[in-house]
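Please read the numbered points beside the sequence and the structure.

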Amino acid sequence: MKPDKEMLLRFLREVDEDFHPFLSQKTKLSVFADKMLNNATFFYEVSDSGDIKGLVAIYANDYEKKYAYIPLVAVSPSYRKRGIASRLLLAALDYVKSLNGKILSVGIHTNNSVAVKLYLGVGFESVNTSNGRNYMEFKL
């Protein structure tokens with residue numbers, strides 16, 4: 001099930017400045033939300049008030065190359081350090097495994113130590129650093 005657009009936009013605005021550069025500096029948040037809603041599978045948790053606590057979006061639609069890409073992993077500031085990101089990321093990886101897919105590469109900024117720790121913690125390996133990004137791979 002996908003979040004509705006307004007719910008997703010509220011969440012993107014909340015976590016916007018957690019990314020370097022900010023998400024809103026790279027793209028219009030409404031365009032990013034539309035792209036994910038049209039192409040991604042979502043794994044997320046919602047609070048009792050109906051707000052997204054944490055979310056992983058994954059593009060797992062390249063069945064020819066068996067390639068999946070994760071454009072967003074984020075957790076609301078008030079729900080961090082509770083294992084939400086790891087739990088959702090592992091669910092996304094299980095989903096890709098069920099499709100007989102393979103995550104070949106996930107690009108993250110090398111200065112994002114929280115993201116690097118998260119990906120390494122669930123089994124990703126760093127395979128290349130170029131253009132200011134640390135490319136990581138998870139082999140299924």
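1. A residue is called buried when its relative accessible area is under 20%, exposed when over 50%, and partly exposed in between (1.4 Å probe, protein chains only). By this rule Asp18, with a relative accessible area of 31%, is partly exposed.

2. The model is predicted, so local features need pLDDT of at least 70 and side-chain atom pairs count only at pLDDT 80 or more, while totals for chains, interfaces and linings use all residues. Residues are numbered from 1 along each chain as its sequence is written, and side-chain values use heavy atoms, with hydrogens and water left out.

3. The chain contains 5 helices and 6 strands; helices (H or I, at least four residues) and strands (E, at least two) are DSSP runs, numbered from the N terminus. Their order along the sequence is α-α-α-β-β-β-α-β-α-β-β. The radius of gyration is 14 Å, close to the 14 Å that the globule rule gives for 140 residues, so the chain is as compact as a globular protein of that length. That radius is taken over C-alpha atoms, and the rule is 2.2 Å times the number of residues to the power 0.38.

4. Of the 140 residues, 44% count as buried. Contact means heavy atoms within 4.5 Å; among contacts with a separation of 6 or more, 58% are between residues 24 or more positions apart.

5. The whole structure holds 5 salt bridges, a salt bridge being a side-chain nitrogen of Lys or Arg within 4 Å of a carboxyl oxygen of Asp or Glu. One of them joins Lys5 and Asp34, with the closest N and O atoms 2.8 Å apart. This pair links distant parts of the chain, since Lys5 is in helix α1 and Asp34 in helix α3, 29 residues apart. Lys5 is partly exposed at 30%, and Asp34 is partly exposed at 31%.

6. Another salt bridge connects Arg80 with Asp18 (2.1 Å, N to O). Arg80 lies in the loop between β3 (67-75) and α4 (84-98) and Asp18 in the loop between α1 and α2, so the pair ties together parts that are 62 residues apart in sequence. Arg80 has a relative accessible area of 34% and is partly exposed.

7. Between Arg87 and Glu45 there is a salt bridge whose closest N and O atoms are 2.8 Å apart. Because Arg87 lies in helix α4 and Glu45 in strand β1 (residues 41-46), the pair ties together parts that are 42 residues apart in sequence. Glu45 is buried at 17%, whereas Arg87 is partly exposed at 41%. Together with Lys53, these two residues form a network of salt bridges.

8. The nearest side chain of opposite charge, Arg13, is 8.2 Å away from Asp16; Lys and Arg count as positive and Asp and Glu as negative, and His and the chain ends are not counted. Asp16 is in the loop between α1 (5-15) and α2 (23-26).

9. Met36, in helix α3 (residues 29-39), is buried at 0% relative accessibility. Leaving aside neighbours within four places in sequence, its contacts include Lys2, Leu8, Phe42 and Tyr59. Pro71 is also in contact with Met36; the two are 35 residues apart in sequence and 8.3 Å apart in space, C-alpha to C-alpha.
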